[in-house]
Amino acid sequence: KEIIQPKFALVEAKLNTSFAGKNIATWTKPNGGYFISLDTTHKVADKVVNLASAVGVKLTPAGATYPYGRDPNNSNIRIAPTYPPMSELEKAMDVLVLCIELATVNHLVNI
């Protein structure tokens with residue numbers, strides 16, 4: 001708990017600071033387990049994962065929590081904050097936030 005709790009707190013803080021009131025993402029606040037489930041408001045999860053991967057941040061595949069990995073809304077991203085050290089996790093969250101914002105703006109511009 002001493003190792004994992006600060007990592008979940010960091011993810012929660014980054015998500016709250018970045019997305020509170022913007023209506024572009026929602027997420028779970030688990031009381032146990034190893035993952036945070038993040039949902040993008042628009043159908044951009046696969047784009048977020050690809051953008052992050054392009055700059056070196058590896059995420060679980062978009063929709064990994066759905067049977068056969070098929071998320072009908074293309075919105076779910078599972079965040080696993082337990083593995084990386086805090087310094088890497090903080091940078092990875094900065095990248096994730098930017099990728100979500102970029103993918104969302106690109107989606108809205110192209111509607």
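Select Arg78 and Phe35. The charged end of Arg78 sits over the ring of Phe35, 4.3 Å from the ring centre. A charge counts as over a ring if NZ of Lys or CZ of Arg is within 6 Å of the ring centre and within 35 degrees of the ring normal.

This is a predicted model: local features need pLDDT of at least 70, side-chain atom pairs count only at pLDDT 80 or more, and totals for chains, interfaces and linings use all residues. Residues are numbered from 1 along each chain as its sequence is written, and side-chain values use heavy atoms, with hydrogens and water left out.

Next, select Ile79. Ile79 belongs to strand E3, residues 76–79. Helices (H or I, at least four residues) and strands (E, at least two) are DSSP runs, numbered from the N terminus. Ile79 counts as buried because its relative accessibility is 5%. Buried means under 20% relative accessible area, exposed over 50%, and partly exposed in between (1.4 Å probe, protein chains only). Leaving aside neighbours within four places in sequence, Ile79 is in contact with Val11, Leu15, Tyr34, Phe35, Ile36, Leu38 and Leu96. Contact means heavy atoms within 4.5 Å.

Move to helix H1, residues 4–19, and pick Glu12. Which side chain of opposite charge is nearest to Glu12? It is Lys29, 4.7 Å away. Glu12 is buried yet has no salt bridge. A salt bridge needs a side-chain nitrogen of Lys or Arg within 4 Å of a carboxyl oxygen of Asp or Glu. Lys and Arg count as positive, Asp and Glu as negative; His and the chain ends are not counted. Beyond four places in sequence, Glu12 is in contact with Trp27, Thr28 and Lys29.

Now look for aromatic pairs. Rings of Phe, Tyr and Trp (its six-membered ring) pair if their centres lie within 6.5 Å; planes under 30 degrees apart count as stacked, over 60 as edge-to-face and the rest as tilted. The count comes to one aromatic pair. Select Phe19 and Trp27: their ring centres are 6.4 Å apart and their planes stand at 55°, so the pair is tilted. Phe19 is buried because its relative accessibility is 2%.

Finish at helix H2, residues 45–54. Ala45, Val48, Val49 and Ala52 are buried here. Seen down the axis of H2, the buried residues fall within an arc of 95°, so they line one face of the helix. The arc is that of the directions from the helix axis to the C-beta atoms. Their cover includes strand E2 (36–40), E3 and helix H3 (86–109). On the other side of H2, Asn50 and Ala54 are exposed. Just after H2, Gly56 takes a positive phi of about 100°.
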